[in-house]
Structure formats: structure tokens, C-alpha cells
Amino acid sequence: MLERDVGKGVHRLEHAYVNCYLIEDDDGRLTVVDAGLPAFWPLLGAALRELGRRPRDIAALVLTHAHFDHVGVARRLQERLGVPVWAHEKEKYLAAHPYRYAHENMRGIYPLRHPRAAMILGAMARAGALTVKGVSTTSSLEDGVRLDVPGRPPGVQLLREKSPVRRLGEQPPSHRDPPPRPAER
């Protein structure tokens with residue numbers, strides 16, 4: 001589902017309880033923020049068509065972090081379209097291996113403790129959560145350094161820690177209010 005203009009030139013895609021964003025500039029070039037799950041691929045194509053854009057308009061992919069639900073189509077974007085993938089240096093290993101992160105709780109018992117999560121986990125599994133392939137080549141983001149990616153509209157910043165973009169990517173699945181807007185200068 002595409003939600004247009006959650007901020008100036010910022011569009012939100014939600015599928016299987018995962019948020020991704022398209023940020024466009026006045027020239028029609030786009031930055032994708034987070035790559036969802038594998039089933040996001042055809043939805044991305046549909047969103048591009050709805051916005052009057054083409055795959056070649058995607059100039060960059062920025063990962064807020066590299067959990068499997070943020071890396072889903074990163075490899076396809078990189079291999080098929082030549083899109084550079086940006087991730088923080090500390091996320092590079094996880095971007096290549098999106099299931100190898102520490103968990104607060106044992107994964108197997110989570111649905112038993114939180115039965116309402118079964119619907120969310122089922123949607124994520126149907127969207128390809130169990131088949132995400134990592135991306136081995138990423139360009140490094142550094143703390144405090146401005147990333148001037150093509151498609152970044154003037155005044156919008158992509159911030160790593162405690163940022164609106166990070167919060168956008170990690171909305172609780174039950175959250176249905178419009179997301180906060182990215183930080184503006």
C-alpha cells in the first residue's frame with residue numbers, strides 16, 4: 001500500500017507490517033529507505049508507476065538498519081538496477097547476513113508468549129521473511145556525516161540513531177496513525 005506525501009516528497013510503502021519509503025527530488029530521482037521483504041518487489045514497481053517513475057529513477061537505497069525485514073529486495077535493487085546500497089559500517093555484516101543478529105527473546109517461544117503476533121509473523125512469512133538474501137557490497141554511512149544521496153529533497157535529513165526515519169522503519173505493527181515526518185533543517 002502506497003501512502004503518498006507523508007512528508008514533502010516522501011512516500012510510505014507498507015506491506016506485511018513493514019514500512020519502506022521513497023524519497024524524491026524535483027528531478028524525479030528517488031532514494032529508497034529500507035528494502036522491506038522479498039514480496040515488496042512488485043509493490044515497489046506498482047508504487048513507481050503510480051508516482052510516474054521508472055526503476056531507473058532509483059538512485060540509492062539507504063538501510064536504517066539491516067534486519068531481514070529491511071533488506072528484502074536490496075540484492076535485487078543492486079544486481080538488477082545497479083542501485084548503490086548505503087548502510088552504517090556497523091550494519092555491513094548484518095546486511096550480508098540479515099538473520100544473524102542478537103535477539104532479546106528466544107524466537108521460537110515469542111508467538112507462544114505473544115499469540116497476537118502470530119498474524120504479523122504469518123504475514124511476514126508469506127511476504128518472504130524466511131528467504132531474504134543479504135547484500136555483500138554496501139557503501140558506508142558514518143555517524144554525524146551528511147549523506148547527500150540523489151533523490152534527497154532539500155531540507156530532509158536521513159538520520160541514524162533516534163531519528164524519525166529510524167522510527168518510521170520500526171513502527172509497532174499495530175500502529176496505524178500517520179508516521180512522523182522526517183527531520184527538517
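Author: In this predicted model, strand β3 and strand β4 (residues 30–33) run antiparallel and are joined by four bridges. Within this pair, Y21 stands opposite V33 of β4. Helix α1 (residues 40–50) packs on the sheet, where it touches β1, β2, β3, β4 and β5 (58–62). The direction of α1 makes about 145° with that of β2.

One of the facing pairs here is E14 with its bridge partner N19 in β3. The two strands form a hairpin with two residues between them, and A16 in the turn has a positive phi of about 55°.

Strand β2 in turn is joined to strand β1 (residues 2–7) by three bridges, and these two strands also run antiparallel. E3 stands opposite R12 in β2. This pair, too, is a hairpin with two residues between the strands; the turn contains G9, whose phi is positive at about 75°. Strand β2 (residues 10–15) is largely enclosed by the rest of the structure, because five of its six residues are buried, that is, under 20% relative accessible area.

The pairs described so far belong to an open sheet of seven strands with mixed pairing, in the order β1-β2-β3-β4-β5-β6-β7. Its edge strands are β1 and β7 (139–141), each of which pairs on one side only. From one strand to the next, the twist averages 25°. As to the pairing itself, strands of a sheet pair through backbone hydrogen bonds, in either a parallel or an antiparallel manner.

Two further helices deserve mention. Helix α3 (residues 74–81) lies across β5 and β6 (85–88), and runs at about 150° to β5. Helix α6 (residues 117–126) has as its buried residues A117, I120, G122, A123 and M124. These buried residues pack against β3, as well as against α2 (68–71) and α5 (110–113). After α6 comes G128, with a positive phi near 100°.

The sheet may finally be placed in the whole protein, which has seven helices and seven strands. From the N terminus on, the elements run β-β-β-β-α-β-α-α-β-α-α-α-β-α. Among contacts in the protein with a separation of 6 or more, 69% are between residues 24 or more positions apart. Of the 185 residues of the protein, 49% count as buried. The protein exposes about 10100 Å², of which carbon and sulfur atoms supply 52%.

Definitions and conventions: Residues numbered from 1 in each chain as written. Predicted model: local features only at pLDDT ≥ 70, side-chain atom pairs only at ≥ 80, totals over all residues. Heavy atoms only, no water. Buried < 20%, exposed > 50% of the residue type's maximum accessible area, 1.4 Å probe, protein only. Pairing = 2+ DSSP bridges. Contact = heavy atoms within 4.5 Å. Areas by Shrake-Rupley, 256 points an atom, 1.4 Å probe, with all protein chains shown as cover. Axes fitted to C-alpha atoms, helices over the stretch in contact; angles between N-to-C directions.
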